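Dear colleague,

I am passing on to you the structure below, together with some notes on what was found in it. Please keep it open beside this email while you read.

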Amino acid sequence: MSIDAPAKSSSPNKLVIRNIGFLLSGDLNRPILDADTVVAIDGVIHAVGSAKDIDTADATTTIDAKGTALAPGLIDSHVHPVCGDWTPRQNQLGWIDSCLHGGVTTMVSAGEVHTPGRPKDIVGMKAMAIFAQRAFHAFRPGGVKVYAGAPVLEQGMVEDDFKELGAAGVKFLGEVGLGSVKDGTTGRRMVTWARKYGIQSTIHTGGPSIPGSSLIDKDMVLETDADVIGHVNGGHTALPDDQIVALCERSPRALEIVHNGNERAGLLALRTAKELNQLHRVILGTDSPAGSGVQPLGILRMISMLSSLGEIPAEVAICLGTGNTAKMRSLACGLIAIGREASFVFLDTAQQSAGKNLLDSIQKGDLAGVGMVITDGAVSIQRSRNTPPATRVPEIVRG
Ligand SMILES: [Zn+2]
């Protein structure tokens with residue numbers, strides 16, 4: 001199979017990845033592609049197919065995948081960044097770079113709510129959101145793309161506030177419920193305004209995360225109707241099972257399962273979505289940094305947990321943390337397909353895993369080994385310092 005995009009007039013930066021063992025597309029409809037070669041030009045995927053059918057000449061960088069698997073860079077749908085690569089929650093430096101070593105190339109902020117002295121007045125809250133959006137747009141720790149600048153809803157906001165935030169480049173709201181808006185009627189009104197100005201919304205679901213936050217039950221989630229049902233498995237404290245099932249059945253919105261939630265409840269949400277034939281709504285996050293800390297391998301751990309205990313094929317579990325999140329959050333990454341961002345993770349069976357290959361090892365609950373990460377067409381890291389060592393790792397042969 002080979003699909004070539006129309007040639008560009010100039011192609012200064014050509015990345016060729018060859019000798020791919022198998023290609024995990026991130027697309028739930030077709031999770032494994034019959035392809036061994038990917039070409040990206042200027043950070044965008046240009047061709048996917050067989051080496052014999054693709055023009056691999058004049059590469060700026062050529063990577064021999066050495067038979068390892070190529071997947072889209074993983075997406076963490078739920079993080080709480082503050083400033084640069086520092087988090088005050090556990091007073092940790094370099095946490096985003098550590099997640100890059102877990103294969104994550106894109107993160108979505110669910111609110112910069114850990115900022116010391118976080119302003120709660122509307123002017124201050126808007127200023128902080130715009131600052132965070134700008135700062136993380138200009139600074140990508142380790143190459144990771146962080147979509148930050150996610151204001152939480154405060155009482156007294158009016159439509160013009162959302163218009164102003166949207167015009168300033170804010171694309172995501174922080175979790176509804178973390179600010180002073182705690183009722184579904186106000187939440188729904190504000191989420192509707194946000195949507196009108198191109199801002200996507202997420203709602204906190206479940207019991208309070210830390211002292212000072214509060215319970216959000218299924219009635220408020222359904223009434224607010226945010227685009228993403230944030231941590232449907234609680235962060236940490238989950239809703240009762242019947243409420244989780246009701247959210248899967250009665251809302252059409254994204255079902256986000258997080259690492260820092262209730263794992264049993266996460267499996268319940270996954271199984272319910274599967275039974276309803278709604279797996280495309282399931283997306284993954286860590287909800288870190290949090291009281292449980294930062295999980296550099298959090299998305300890989302979710303993939304192995306959901307595949308092994310939730311009994312879904314590994315290639316499907318990988319779609320939850322890549323293509324599903326990209327589709328639900330309107331991101332240009334997350335799929336190995338022409339026109340998408342050239343952000344990738346190379347995976348192989350961890351050394352000494354009992355699995356007979358990468359997918360089998362994930363289905364048995366082991367973590368994949370990361371051998372290289374590419375963000376926007378550029379190599380960010382080679383062998384991960386954090387995952388169990390991959391059996392085989394790709395090599396840069398030219399460039
Ligand atoms: Zn939350």
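Which residues does E175 touch, not counting residues up to four places away in sequence? The model is a predicted one, and in it E175 touches H78, H80, A110, V152, T202, H204, H231 and D287. With a relative accessible area of 1%, which is under the 20% limit for this class, E175 counts as buried. For a sense of distance, the C-alpha atoms of E175 and P72 are separated by 26 Å, and these two residues are 103 apart along the chain.

The zinc ion is coordinated by E175 through OE, by H204 through ND1 and by H231 through NE2, at 1.8 to 2.3 Å. Along the chain, these donors follow the spacing E-x28-H-x26-H. Because E175 lies in the loop between helix 3 (159-167) and helix 4 (184-196), while H204 lies in the loop between strand 14 (202-203) and helix 5 (218-224), the pair ties together parts that are 29 residues apart in sequence. H204 is buried, as is E175. Please bear in mind that water is not among the atoms, so the site may look incomplete.

Turning to the chain as a whole, you will find eleven helices and 21 strands in it. Its radius of gyration is 20 Å, close to the 21 Å that the globule rule gives for 399 residues, so the chain is as compact as a globular protein of that length. Taken along the principal axes, the C-alpha atoms fill a box of roughly 60 × 45 × 40 Å. Of the 399 residues, 60% count as buried, and among contacts between residues at least 6 apart in sequence, 75% join residues at least 24 apart. The chain exposes about 14,800 Å², of which carbon and sulfur atoms supply 51%. As for charge, there are 37 positive and 41 negative charges, and their mean positions are 1 Å apart.

Some points of the backbone also deserve a look. Most residues other than glycine have a negative phi, and most peptide bonds are trans. In this model, the peptide bond from G235 to H236 is cis, with omega near 0 degrees, and H236 lies in the loop between strand 15 (228-229) and helix 6 (241-250). The peptide bond from S288 to P289 is also cis, with omega near -10 degrees, and the place of P289 is in the loop between strand 17 (282-285) and helix 8 (298-309).

As for phi, N19 has a positive value of about 60 degrees although it is not a glycine, and N19 is found in the loop between strand 2 (14-18) and strand 3 (22-24). D42, which is likewise a residue other than glycine, has a positive phi near 50 degrees, and D42 lies in the loop between strand 5 (37-41) and strand 6 (44-49). Are these two residues buried, exposed or partly exposed? N19 has a relative accessibility of 41% and therefore counts as partly exposed, and D42, at 35% relative accessibility, counts as partly exposed too.

With kind regards

Definitions and conventions:
Residues are numbered from 1 along each chain as its sequence is written. This is a predicted model: local features need pLDDT of at least 70, side-chain atom pairs count only at pLDDT 80 or more; totals for chains, interfaces and linings use all residues. Side-chain values use heavy atoms; hydrogens and water are left out. Donors are N, O and S atoms within 2.8 Å of the metal (3.2 Å for Na, K and Ca); water is not among the atoms, so sites may look incomplete. Helices (H or I, at least four residues) and strands (E, at least two) are DSSP runs, numbered from the N terminus. Buried means under 20% relative accessible area, exposed over 50%, partly exposed in between (1.4 Å probe, protein chains only). The radius of gyration is taken over C-alpha atoms; the globule rule is 2.2 Å times the number of residues to the power 0.38. Contact means heavy atoms within 4.5 Å. Accessible areas come from the Shrake-Rupley method with a 1.4 Å probe; for residues, only the protein chains shown count as cover. Lys and Arg count as positive and Asp and Glu as negative; His and the chain ends are not counted. The place of a charge is taken as NZ of Lys, CZ of Arg, CG of Asp or CD of Glu.
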